Amino acid sequence: MKTNKTFLALSTGLALGALLLTGAPAQAQPQGLDISKVRLNLAFQPGPLTPGQLFIRGLIDDNDTEAIVADLLTNTATVQVQDGGDFDTTITLDNCLLKNVSVICNSESSGFRVKAHVKRWKNLPDIWRLNVKVKDLGEAQTGFGPLAGPVTVTLVHGATSRTDVVAQAGGNEADCKVKKNGARLRCKAK
């Protein structure tokens, strides 16, 4: 168990280092999103026994705008997740509350259960850990499969758009594993 925590801390630290050491991109397209983990499940209809789900985890570097908290609290943040197939869903992060050094969003306004947690990472002023979990997705959002990499995650808050691709071509294709005959996709950036 301790080894897993050490590995998680080391991989998160390396991801943050890579995020901070990359050159500053053009102002028109701010970056600063590093997705480390993605889980996608297809929806199977009819019946609520196996609804579609998604989970993403990553880091946001908000040094360029310093507005992520204000945008979350004013319900102007969305997350779009797309795989290499038909999975394409956009979630609005609303009903957000400020708690100490984090923002917690719990919502069912879109028809699915959305839980998001954006927390300051290691007391760094503009680095935030993002966790988003969505349940009860239908076939309109998950597609009919099979799921496939790469996975593109786009975070839009206010006028800022941040995008990251997990398992993109060029040697990182193995970051995603397809399970259950294409009904599940698990990606972990290495």
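Trainee: Is Lys180 buried or exposed?
Mentor: Lys180 counts as exposed because its relative accessibility is 58%. Buried means under 20% relative accessible area, exposed over 50%, and partly exposed in between, using a 1.4 Å probe and protein chains only. Please bear in mind that this is a predicted model, in which local features need pLDDT of at least 70 and side-chain atom pairs count only at pLDDT 80 or more, while totals for chains, interfaces and linings use all residues. Residues are numbered from 1 along each chain as its sequence is written, and side-chain values use heavy atoms, with hydrogens and water left out.

Trainee: Where does Lys180 sit, and what is its phi?
Mentor: Lys180 is in the loop between S11 and S12, and its phi is near 50 degrees, a positive value in a residue other than glycine. Asn181 is in the loop between S11 and S12, with phi near 55 degrees. Asn181 is exposed because its relative accessible area is 83%. Most residues other than glycine have a negative phi.

Trainee: Which residues make up the patch of positive charge?
Mentor: Lys177, Lys179, Lys180, Arg184, Lys188 and Lys190 gather in that patch on the surface. Strand S11 (176-179) and strand S12 (184-188) are the elements that give two or more residues to the patch. A patch takes residues with over 30% relative accessible area and no salt bridge, joining like charges within 9 Å and nonpolar side chains (Val, Leu, Ile, Met, Phe, Trp, Tyr) within 5 Å. Lys and Arg count as positive and Asp and Glu as negative, with His and the chain ends not counted; the charge is placed at NZ of Lys, CZ of Arg, CG of Asp or CD of Glu. Arg184 counts as partly exposed because its relative accessibility is 34%.

Trainee: Changing topic, how many helices and strands does the chain have?
Mentor: The chain has 3 helices and 12 strands. Helices (H or I, at least four residues) and strands (E, at least two) are DSSP runs, numbered from the N terminus. Buried residues make up 41% of the 190 residues.

Trainee: How many salt bridges are there?
Mentor: The count comes to 3 salt bridges, each being a side-chain nitrogen of Lys or Arg within 4 Å of a carboxyl oxygen of Asp or Glu. Arg162 and Asp62 meet in one, at 2.8 Å from N to O. This pair links Arg162 in strand S10 (residues 160-166) to Asp62 in the loop between strand S2 (52-61) and helix H2 (68-73), 100 residues apart.

Trainee: Which of those two is buried, and what else pairs with Arg162?
Mentor: Arg162 is buried because its relative accessible area is 0%, and Asp62 counts as buried because its relative accessibility is 1%. Arg162 also forms a salt bridge with Asp64, with the closest N and O atoms 2.7 Å apart. Shared partners join Asp62, Asp64 and Arg162 into one network.

Trainee: What about Trp128, buried or exposed?
Mentor: Trp128 is buried because its relative accessible area is 5%, and the residue lies in strand S8 (residues 127-137). The C-alpha atoms of Trp128 and Ile60 are separated by 5.0 Å, although the residues are 68 apart along the chain.

Trainee: Which peptide bond is cis?
Mentor: The bond from Gly149 to Pro150 is cis, with omega near 0 degrees. Pro150 is in the loop between helix H3 (139-142) and strand S9 (151-157).

How values were computed:
Accessible areas come from the Shrake-Rupley method with a 1.4 Å probe; for residues, only the protein chains shown count as cover.
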